[in-house]
Amino acid sequence: MSHLSLATTVLRLTRVVWAVLLLQLLGCGPSSDTSPPRAITYTFDAPSRELIRLLAQKEKSSEYQNFDRNFKGILVPESLLPYEPFVLGLSTESKIPTVLLLDAPWVQRYGVAGWLYELQRTEVFDRSELVPSVAEAFSVSLTHITGQKGKQLVAVPTYIKGNILFYRQDILKRYNLTPPRTWEELRAICRKVLPQEKSLKYGLLIHSTNTLNDFYPIFWGFGGQVTSEDGHFVLPEKPNAEAFVAALKMLIAMQGSIIPGPGALKQFDPGGSLRQAFFQGQTLFMINWSTRMKDLGDLMAKGPGQPPGRLTSFSQVGVAPIPAQAGHGRRYSNIGSFGWAVNRFSVTDPVVIEHAKQFIKVVAGEQFQLLAAETMGQVPSLVQALKKVTNKEVLQVYRDTFAQKDMVMRPRPHSRRINNVLEKVLDEALYGRQTPEAALAGAIAELSKD
Amino acid sequence: MKNTSETFIRYSLRNRLFVLAGATFFLCALVILMFFPLLNITLEGLQSRTINSMQAAAEVEATTISRLLVLEFSSLKGLLEVTPDSNTEMDQRIKDLLWEKVTFNEIIEGVELIQGQKDARGRRLTYLFYRREAPELKPMAGPQKIMKSFQGLEQDLINSITTQQRVDNTIQESVNRGPKEEGEMLLRYMPVYVLQAEEGAVFWGVAKIGIDTNRMRQLLLMQSQEQTTIRRNIWVEIILSLLISGVLAMSLIYFWVRHITEPLRTLSMVTAALQGAKPEDFDLWLENLKRVDAQGQAEVVVIQEVLERLGTAVPKLGQRLIDGEGQACLGKVIARGLPVFQAWQAQLLALEQKLGGGEAGGSAHQTLTLVRTRIEMVFDDLSHLWSDPKDRWDRIDVTPGLQRAWRLATIGLPAEVRPHQEFAPLPPVWGSEAKLTQAGLYLLVFAVDLAPPAGEIGLEAAPSPAGGVRLTVWVSGNRRTASECQGWLNPFGDPDRIRGSLGPALAAAIATQHGGSLTVAPRESGGAVFSLELPPLSASQEPYEPII
């Protein structure tokens, strides 16, 4: 009797103890954090916001209609933009903004500094959804921070933009010529066509202001680099210096015969003058941003009242990658895309990650990119969106340039100082005030001061 | 009786209920006390979480303050112009700014502005000012501009910031955990950018900002003390609650248990009183049984009703038993005397034949007469015992009746047994002669049964010192104990004894009925002595109805 009673008592006591312990699990333990999740912040971008508004009207989807409720845009005063205010914020580990729209070079700068959150590894975004060449441009090596080898995607581009070679497709067809792959070919075409086409004043037009943007893909096509992938200044190294001088010499050599001479450059300083000249049939080739295809369409759409010899149809316009030096295997484009990146310091809990994921899904999603392609002529960065695009010009730009196997999209160096100095010496050389060698030496001397 | 009483106390329903209620409360108290360790764990978890969140909040605060300072430094375009040898207005402005920030902001312990570039000896241009409030530290005269070398982890941290413009938080935490020559404070290292319209954010160097942690330490200490107080108070409250609730619970339990068990306890006591009750107390016992208040408890009512039925039936059964025992006693006397009667009959026949043949002389006639007299006497004795009215009470002399009982009891007594009788002149007593004779017969027959072969048996009737009558019946034989002797008078105390003779018990009942008593004691030489005392004659003497 006593053993049985003891066992029963022990069993009952055990049940009581379990019940007491279970009380902890049923809510008698420490209270959990029940504070409501806060809306995440992002850098306000007017074009993106306009597309969201259009999608909210068109799709009637809650993710677009509740956009402003879920995501709070930060309007950056225009006066502050030149000062790169977010460098101060991120370098001091500010959590604001959660998501930033960054130009490709800034992505490199912020990414290498470890301020941006990896998107592929953390499953915020699948890199394979992007066109590989543009995905590569928005990836950086974070080995020094995370220990992970290889490049990590740190921003999601919403479209593909880069400078490319525009050409008169109708004229090249007429002479049974194909678009040039090298500068030699371009010069040969010009030598053949220009004497016979009197309406053409120039063989090639490049920007006379911010010329560096056009010069970079030419320079890269000669095998040179200004900075290495980890951001070090490598222009003084011999191969790079020689490539810089060779590319510059090549441009100078074409001045007067193919591209405008120093005296004629000034007329192309006003904004839009390059595309106007191409539209008016003054040039056979033009280096410009890929988005100028839409601008040319807008000019053509204006109809009567335009000068004779102007472009009237997209069939007259062809696009190709900017030529490279003969023997160089790749052609380059200076990428001008912007991408959405996540502030590493804002990722303090899984809710933030989830919200950032939702945000990117909205502003870089398929519907968004398709609408941008149809209304703004932007080339989608998503592979799936590209398959559904109906805009022929957008598809033409993608197919004939960014989809080319030898095409590399590369961001310019992020250092504004480097760019400013190189822009200055480039002008000096193109305007004939300095030889290419002297211009390079001056740039290297100034940039090596520190 | 004593043992029975202790057992009852130990295992009574009331005591069991008290013990079980106490054990239940003790178990509940134990369970409640088990909450204390859980509470302790909860409080420790709370403390840990609070410390963590306070530390996190302090670090966020330190980062925010440092960020505000760095944002302010970013507008100092002159920073890009200062050199180790310069002594310009900008140098003074930077030092003044540091003095203002450190002096007027209690939470800022000190600031260092460290240029990114190093000289050939690895030193960096540094503007610094610390308040140095700790007693062991010598206060600084004012902000300084020096060339400073950094060592160890701090050097690694500054190098990583100047090369990558990125703060390695792991190294920063290590620096904060280690000793600091500036005193105890939370250090924050941040890259300093100078904003230029044309070049954007231009990296200049590192800001090292010391944040006061005394406030946090005081808060942590206060929180720890508060938790100790809370823990102690809760412990006292739990103990007090248990004590108060224990007293209250036991009081209520005591009241209710007493209330609930009272009918059963009363019934039990009344029932137990039967064990020591005398026959004359039986009516009183029965009356007491009827007066037990069951308070509507079904179980008590059932037991009470059954006991009442038994109590009513027992006197009737007792009367029947007495009647039957008297007849059985006479039957035993007759059975024992049968050989004697047969011998007397044979002797009578032989004498009659002899006298009929004329052969006998005068002695035969005398013998015949004697035998006839004996036979007639036996019949006369039996007739008296059988038919005398037992309910007739009067002033009587007990001697004839006792002599009749003696004669009947000793008929057929083995020849080896030596009978002794001694009758002194006795005073009259009030009573039923038939019953007293029957009582004597009971004792004598019982004594004859006890008498061993060649033993002795005796009857002595004499006046008692009180003026009544004392009848002493003794018998020789084995040594008897007092309890054995007492057991003869109380055959119902031991159910086994019921199988034996009820004579002594009935004789005792008759003696009691007459206001007398019967005692039994062992004889020193072996055997036993029965002593029946009757009170002297009294006018107020009233007969009792026989019960047992």
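How many strands form the open sheet of chain A, and in what order?

## Basis of the model

This is a predicted model, in which local features need pLDDT of at least 70 and side-chain atom pairs count only at pLDDT 80 or more, while totals for chains, interfaces and linings use all residues. Residues are numbered from 1 along each chain as its sequence is written, chains are lettered from A and ligands numbered from 1 in the order in which they are written, and side-chain values use heavy atoms, with hydrogens and water left out.

## The sheet of chain A

In chain A, four strands form an open sheet in the order E9-E10-E8-E11, with mixed pairing; two strands count as paired if DSSP finds at least two bridges between them, and helices (H or I, at least four residues) and strands (E, at least two) are DSSP runs numbered from the N terminus. Strand E9 (202-205) and strand E11 (317-320) of chain A are the edge strands, each pairing on one side only. Neighbouring strands of this sheet are turned by 20° against each other on average, direction ignored, where axes are lines fitted to C-alpha atoms (for helices over the stretch in contact) and angles run from 0 to 180 degrees between N-to-C directions.

Within this sheet, strand E8 (residues 163-168) and strand E10 (residues 283-289) of chain A pair in the antiparallel sense over five bridges, and Leu165(A) stands opposite Ile287(A) in E10(A). Helix H10 (residues 183-193) of chain A lies across E8, E9 and E10 of chain A and runs at about 145° to E10(A); contact here means heavy atoms within 4.5 Å.

## The sheet of chain B

In chain B, five strands form an open sheet in the order E3-E2-E1-E5-E4, and the pairing is antiparallel. Its edge strands, each pairing on one side only, are strand E3 (144-148) and strand E4 (186-196) of chain B. Strand E1 (residues 108-118) and strand E2 (residues 124-130) of chain B run antiparallel and are joined by six bridges, and Glu112(B) has Leu128(B) in E2(B) as its bridge partner.
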